[in-house]
Amino acid sequence: MNYKHISLALLLLMSNLPVIAGLVMNLNRYWRYTPGYELRKGVYEKVNLPHTWNTGDALGGNADYYRGLGNYERNLEIPAAWKNKRLFLKFYGVNTIANVFINGQHVGEHRGGYTSFTFEITNLVRPGEHNTLQVRVNNAPQLDIMPLLGDFNMYGGIYRDVELLIENPNCISPLHYGSEGIYLKPKQVNEQSAQVEANVHLNGQAGETLKTEITVRNGEKVILKTETHNTLDAQGQAVATIPFSIHNPRLWNGQADPFMYAVELKIYHNSDLQDDAHTKLGLRYFRADAHQGFFLNGNRLQLKGVCRHQDRPELGNALNKLHHEEDIAIMQDMGANAVRLSHYPQDPYVYKLLDEAGFIVWSEIPFVGPGGYRDKGFVNQESFKENGRQQLKEMIYQQFNHPSICFWGLFNELKEEGDNPVAFVQELNQLAKELDPLRLTTAASNQGGQLNRLTETIAWNKYYGWYGGTPASIGQWADKAHKEFPNTPIGISEYGAGASIYHQQEELKKPVANSYWHPENWQTHFHEQHWMAIDQRPFLWGTFIWNLFDFGAAHRTEGEVPGKNDKGLITFDRAIKKDAFYFYKANWNTTDPLVYFAERRLDKRSNTQQTIKVYSNQKSVELTVNGQSLGRQKGHYGRFIWENISLKPGKNILLAKAKSGTQDKIVIRIEDTASSKF
Ligand code: GCB
């Protein structure tokens with residue numbers, strides 16, 4: 001819900017005025033934090049949110065990083081003028097368990113680290129007096145909260161925003177699974193018309209009749225205004241259902257035209273405005289076909305996908321808006337048009353940005369299995385299953401109105417060993433379809449068996465040429481899987497190889513995955529081979545690179561430093577794009593001219609005969625070595641290759657230039673090994 005945001009100063013100024021409709025106050029600042037069990041008086045650290053306590057240990061590669069309690073506390077000023085208001089606390093992400101207290105009284109518990117939740121505190125606060133808000137957070141592993149494990153850090157803390165919602169007694173419910181309380185259901189959409197049903201959850205005084213008015217705008221222009229009336233039941237609840245249709249709708253059409261209508265909802269009691277909310281409506285239709293891949297609004301769209309985790313060095317998962325914006329700008333620069341938000345729901349702001357940028361999104365619950373480990377991702381007990389259902393409902397309800405989301409992911413790398421998750425995945429699939437019949441379910445598998453046949457589409461995590469095998473096998477595997485699943489759309493949920501920008505080698509040699517040495521040129525080769533094979537197989541509904549960014553994985557002891565998964569195409573700090581990034585950019589970004597020397601970090605070489613490779617999205621590229629032109633080349637898959645180029649001992653200056661004027665320049669030094677003193 002797009003509440004009107006207010007600052008503390010404004011709030012104090014306004015505290016004697018009546019609040020008109022829903023307002024929101026950000027509570028990110030002025031917290032007092034203490035780790036552990038013991039709460040000694042006056043001993044705390046001042047922190048602002050977003051915050052995690054695991055930046056030092058988990059990011060330092062300490063596999064045994066602290067997973068336990070953390071305590072947050074702050075004052076809550078509630079002006080006396082608000083004694084007739086309803087107050088709610090909204091948390092956008094606390095990992096993993098949050099217990100919330102007002103003035104020492106327990107308000108509620110939320111279990112699960114990746115979704116929003118809201119508690120009403122109206123009757124617990126003392127307006128005009130000093131109030132205390134306390135949150136006890138616990139990120140210790142729990143056998144009944146997803147995820148049980150994963151190749152990523154489970155940073156503890158209140159790592160997303162916290163808000164105070166100030167509402168009138170009658171309002172759009174903030175209590176329905178932490179969502180906005182507004183669901184815009186595009187029942188049927190095509191170029192001629194869109195049939196939509198708005199469901200608005202109302203909450204207030206039992207027996208009162210409320211008017212819900214919906215206004216749909218195209219920019220400033222009102223294209224539709226309609227209303228309905230509902231009487232709140234004995235629990236003070238009702239769902240206002242408003243069907244409406246739009247003729248000749250302008251569709252949300254991915255990156256080509258990510259258009260959205262603006263929707264405003266106003267709630268009235270008699271003629272008094274009670275609540276006012278704003279959201280967006282993106283109208284589109286899509287499907288996945290077992291033979292032809294993904295279609296958006298009737299047109300085939302090749303999905304060029306990446307996976308993304310939500311962490312950074314020094315910050316862990318405590319990211320702010322600028323970080324999310326930067327990540328999405330990088331995806332756009334690369335030319336990607338699809339993203340798998342692995343392995344859990346991410347910040348609501350991320351989905352908003354992805355809607356606006358026209359991405360196709362796979363959003364998933366953290367039902368993560370053991371992959372290659374001997375651990376478990378599923379425990380067959382009711383409390384685990386109930387938590388899984390809850391997390392799925394929260395994800396779907398909270399993200400319902402985002403047109404970018406086309407796929408709900410139900411699991412990653414589960415196994416049918418021990419507690420067999422098949423029946424439960426089946427149940428989750430059914431639940432997802434009940435809540436949202438129009439989106440497709442999917443999953444990321446690494447097994448054969450029944451698990452692959454439970455969701456409407458399926459995809460596999462594949463690492464040919466990294467953990468084993470050769471990159472060339474990916475095409476053969478895909479053809480075989482296509483035969484085995486003639487009626488199911490299949491995709492690749494992950495493919496990737498580790499690389500350090502500091503690990504440069506002259507020969508192209510496959511490294512050992514769990515060793516220190518992760519040479520960049522092997523990652524580049526891996527991706528070149530994979531993308532060429534993928535591009536030639538249009539039956540794949542979507543493929544997703546693992547991973548766009550290096551990310552924290554405290555238990556890993558490989559690559560240049562421990563504690564990191566280095567399969568990113570970009571370094572953890574987002575500072576350096578590895579060569580493979582530019583290979584994709586040359587293939588995927590068709591608008592911004594690119595000319596880029598691959599292997600630029602291998603700046604000292606031993607042989608005067610060299611192969612030079614340039615990535616470009618231009619038709620032809622000219623190479624000049626030490627001022628002498630070696631002519632123009634045409635490319636294949638964005639690769640422009642000059643073989644047997646003679647360089648001189650010492651310093652060589654190489655310039656690559658396209659007709660557009662775009663160019664790149666590097667220096668390569670040939671070491672005179674013959675005269676070496678060693
Ligand atoms: C996978 C997992 C992912 C890991 C990745 C890897 O299949 O789904 O969480 O990070 O492999 O790098 O091994």
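User: Before we start, what do buried, exposed and partly exposed mean here?
Analyst: Buried means under 20% relative accessible area, exposed means over 50%, and partly exposed lies in between, with a 1.4 Å probe and protein chains only. This is a predicted model, in which local features need pLDDT of at least 70, side-chain atom pairs count only at pLDDT 80 or more, and totals for chains, interfaces and linings use all residues. Residues are numbered from 1 along each chain as its sequence is written, and side-chain values use heavy atoms, with hydrogens and water left out.

User: OK, is N297 buried or exposed?
Analyst: N297 is buried, with a relative accessible area of 5%, and although N297 is not a glycine, its phi is positive, at about 50°.

User: Where does N297 sit?
Analyst: N297 is in the loop between β25 (293-296) and β26 (299-300), where strands are DSSP runs of E of at least two residues, numbered from the N terminus.

User: And what about N626, what is its phi?
Analyst: The phi of N626 is near 50°, a positive value in a residue other than glycine; N626 lies in the loop between β40 (620-625) and β41 (628-634) and is partly exposed, with a relative accessible area of 33%.

User: Switching to peptide bonds, which residue does W546 join through a cis bond?
Analyst: W546 is joined to N547 by a cis peptide bond with omega of about 10°, and N547 lies in the loop between β34 (543-545) and β35 (551-552).

User: What about the bond from L49 to P50?
Analyst: That peptide bond is cis, with omega near -5°, and P50 is placed in the loop between β4 (45-47) and β5 (69-77).

Definitions and conventions:
Helices (H or I, at least four residues) and strands (E, at least two) are DSSP runs, numbered from the N terminus.
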